[in-house]
2 protein chains.
Amino acid sequence: MVNIKRESALTSEGGVRLNGASGRNRRNGSTLEGVALLAGVSRATVSRVVNGSPKVSPEVRRDVEAAIERLGYVPNRAARSLVTRRSGSFGLVITEPTGRLFSDPFFPRVLRGISAELTARDLQLILLMPNSKADVSRTGDYLSAGHVDGVVLVSLHGEDPLPARLSAAGIPLVLVGRPLRDVSASYVDVDNRQGARSAVEHLIATGRNAVATISGPLDMPAGIDRLAGYRDAIGEAFRVTDATLEATGDFTQESGAKAMTRLLAKRPDLDAVFAASDLMAAGALSVLTAAGRQVPQDVAIVGYDDSPVAKSTHPQLTSVRQPIEEMGREVARLLVEAVEGTDRVQRRVILATELVKRASSAGRHSP
Amino acid sequence: MVNIKRESALTSEGGVRLNGASGRNRRNGSTLEGVALLAGVSRATVSRVVNGSPKVSPEVRRDVEAAIERLGYVPNRAARSLVTRRSGSFGLVITEPTGRLFSDPFFPRVLRGISAELTARDLQLILLMPNSKADVSRTGDYLSAGHVDGVVLVSLHGEDPLPARLSAAGIPLVLVGRPLRDVSASYVDVDNRQGARSAVEHLIATGRNAVATISGPLDMPAGIDRLAGYRDAIGEAFRVTDATLEATGDFTQESGAKAMTRLLAKRPDLDAVFAASDLMAAGALSVLTAAGRQVPQDVAIVGYDDSPVAKSTHPQLTSVRQPIEEMGREVARLLVEAVEGTDRVQRRVILATELVKRASSAGRHSP
DNA sequence: CGATGACCTGAGAGCGCTCTCTTGACAACG
DNA sequence: CGTTGTCAAGAGAGCGCTCTCAGGTCATCG
């Protein structure tokens, strides 16, 4: 009795739906039930077809597909997600207030990489940009509530509470960039150390003897690693590193200019500078020019990031290019693996950089 | 009988859940049912409390809230969305292949504005960056399927099929930036025309007589409007505009340099340039310097965007600053209104710009 | 003092989907 | 010829939530 009543109600409803949108908010009226009715099969069979189950006979499959096509049926993600407990979406958390995020195209490029990979797999990216402490907490609530299948964290600061919270909640997590503190999560990074090293080796190879550096902030992995790479190259070439050739900035142009001023005061004999960002390199360049040093004749400069700024200075900056899109793709791949696989192995993927040579580091005696 | 059985089953399940995660994938075991059991009320009442219904007595509300707190209950969005037919999320579509998206911080800033506004309302942002024609089509499928409550479109190109498709599907739509073709959707834009006009008026006010412009591409609203603003100011000051003072670029630095070369050839007497982007201004600056013109003494320059590049040139560029975050916030507000309200009125919101004066346009005779 | 609201609260149906379990058909086997 | 196995397809029970209706409790009023 109950069954019959239910069925008939559904049948008539199905009919209504076929005629177009019934209630408000009903974007696409067709449901599994409607398709099943039209194809003359059960809901379960339609579900099998939609999800590509192998145990459906070819004829039935054909009929069902025709019905789906005719009704323009699209599965309701909410309903599916309710039972599968998978949302088909990933959270991307950006906690960078301003700074790097806005001063170079790093962020959109990572995004594009991640997005490309997820789109290909029919997965969605949910963007979260907490602005305040309260926001961070809410973001944590949201992510822990199981609304996403996994999380990408960008620009992790030391005291960020999110990684611990998420891994406690058992949510797959991948970081963009090596975290400062050791957190139990996979991450993808570019080889900052090797990138810096190759830049400095290039300067040395073109005949520079007093190679200074303007490092990034030493509380950020990118700052630390690029300084380490600089020291690697210097140490290998000259056996010793020299603190008077090192100054610290914060990746901004002003900080680069100030650091350059300090370096010139300490070491008027320097003949090359490796800056850990293009912006700092640009700042250094303006100070050098103002001080009457010719670039690259008197002092060579190499920047980092290969950002648009590198091409807007005069002379244009030699710079270290990073495979940022690829980094994003790799992050997405890692995350999907973590969600689908059962192993909880943490992975570290480090991508190689490339030195782009321009006028600012041309050899002393070359044209 | 059935009821009792059902209740008891749930009770025992509830117990299990209290002890922690039961099955895999169960992030947070507590449900409305569990909270109701603990608080000694019905599911419906808990639902009322959660959704802030006024018709709940203070004592009951207190009890329920305590139970929610104790269980760490978080509503399941999928279940809610299944019945409300609202997803609580908006799609953000970016169809810009490279160009502007990566050469200035416009995009992250808009994003931040949108995100701030949505986060405050507990709504989610789903990012979609179609890379190919096929991607665009899939994106359209996704958005039309009712998985989002509304859509933001950024950087609309002329032949983009999305607006028509979405408005046909009845999905609220807001555009970032005025579209080239007239589409039936609300949009938010900055006042490109007035921004350009004020820049040129500034040049004229500081004694320049032959003010040239390097416009953006004339198939983009930003390019068209900024040129119109230039002509407004010139027309008003001199009664006529002069085509020999106009050259077209594509917002990039190289195009700015080339346009400047052309302008110098046509009008060696020019004493000011308004470029429709900072990058083009930077390109123009390098050409002028190479040609032996002093900036700002011989030729003044004003850029547009107030991007980091504006501060990296020498001299630094006067530029038109746009309220980009605010633009994002406004977009989000419009969209939320469109979803919640019943009126389908299209709105156009135009935000004012601000001229940031720097050395590149200092008066001819000032220090 | 019974009737009338006003106000809370509970019962129950269902949103659209997945997935287990069962059924039914048919072939192969002893 | 009965038994067993195999495979396709259906029945039905939920997933967790919202929302309509119905009921129950009081204070208020004629």
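User: In which sense do E6(B) and strand E8 (residues 272–275) of chain B pair, and over how many bridges?

Analyst: This is a predicted model, in which local features need pLDDT of at least 70, side-chain atom pairs count only at pLDDT 80 or more, and totals for chains, interfaces and linings use all residues. Residues are numbered from 1 along each chain as its sequence is written, while chains are lettered from A and ligands numbered from 1 in the order in which they are written. Helices (H or I, at least four residues) and strands (E, at least two) are DSSP runs numbered from the N terminus, and two strands pair if DSSP finds at least two bridges between them. Within E8(B), B:Phe274 is the bridge partner of B:Thr213, and E6(B) and E8(B) pair in the parallel sense over 4 bridges.

User: Which residue in E7(B) is the bridge partner of B:Ser215?

Analyst: E6(B) is also joined to strand E7 (residues 246–248) of chain B, and these two strands run parallel with 3 bridges between them. In E7(B), the partner of B:Ser215 is B:Thr248.

User: How many of the residues of strand E6 (residues 211–215) of chain B are buried?

Analyst: A residue is buried if 20 or more other C-beta atoms lie within 10 Å of its own, exposed if 12 or fewer, and partly exposed in between, with C-beta atoms placed from the backbone. B:Val211, B:Thr213 and B:Ser215 point one way from E6(B), whereas B:Ala212 and B:Ile214 point the other way, and all are buried. The strand is therefore largely enclosed by the rest of the structure, the number of buried residues being 5 of the 5.

User: How many residues of chain B are in contact with chain A?

Analyst: Two residues are in contact if their C-beta atoms, placed from the backbone, lie within 7 Å. By that criterion 47 residues of chain A meet chain B, and the number on the side of chain B is 45.

User: Which element gives the largest share of the side of chain A that touches chain B?

Analyst: Among the elements of chain A that give two or more residues to this side are helix H6 (99–103), helix H7 (106–120) and strand E2 (124–128). By class, the side has 20 nonpolar, 18 polar and 9 charged residues, where Ala, Val, Leu, Ile, Met, Phe, Trp, Tyr, Cys and Pro count as nonpolar, Asp, Glu, Lys and Arg as charged, and the others, Gly among them, as polar. The largest share, 7 residues, comes from H7(A).

User: Which element supplies the largest share of the surface near DNA strand D?

Analyst: A residue is near a strand if its C-beta atom, placed from the backbone, lies within 6 Å of it, and 26 residues surround DNA strand D, with A:Lys55 and B:Thr31 among the closest. They divide into 13 nonpolar, 9 polar and 4 charged. Helix H3 (43–50) and helix H5 (77–84) of chain A, together with the helices H3 (43–50) and H5 (77–84) of chain B, each supply at least two residues, and the largest share, 5 residues, comes from H5(B).

User: At roughly what angle do the axes of H3(A) and helix H4 (residues 58–71) of chain A cross?

Analyst: A:Thr45, A:Val46 and A:Val49 in H3(A) meet A:Val60, A:Arg61, A:Val64 and A:Glu65 in H4(A). The axes, which are lines fitted to C-alpha atoms over the stretch in contact, with angles running from 0 to 180 degrees between N-to-C directions, come within 10 Å and cross at roughly 90 degrees.

User: Is A:Arg239 buried or exposed?

Analyst: A:Arg239 has a positive phi of about 75 degrees although it is not a glycine, and it lies in the loop between helix H11 (221–238) and strand E7 (246–248) of chain A. With 7 other C-beta atoms within 10 Å, A:Arg239 is exposed.
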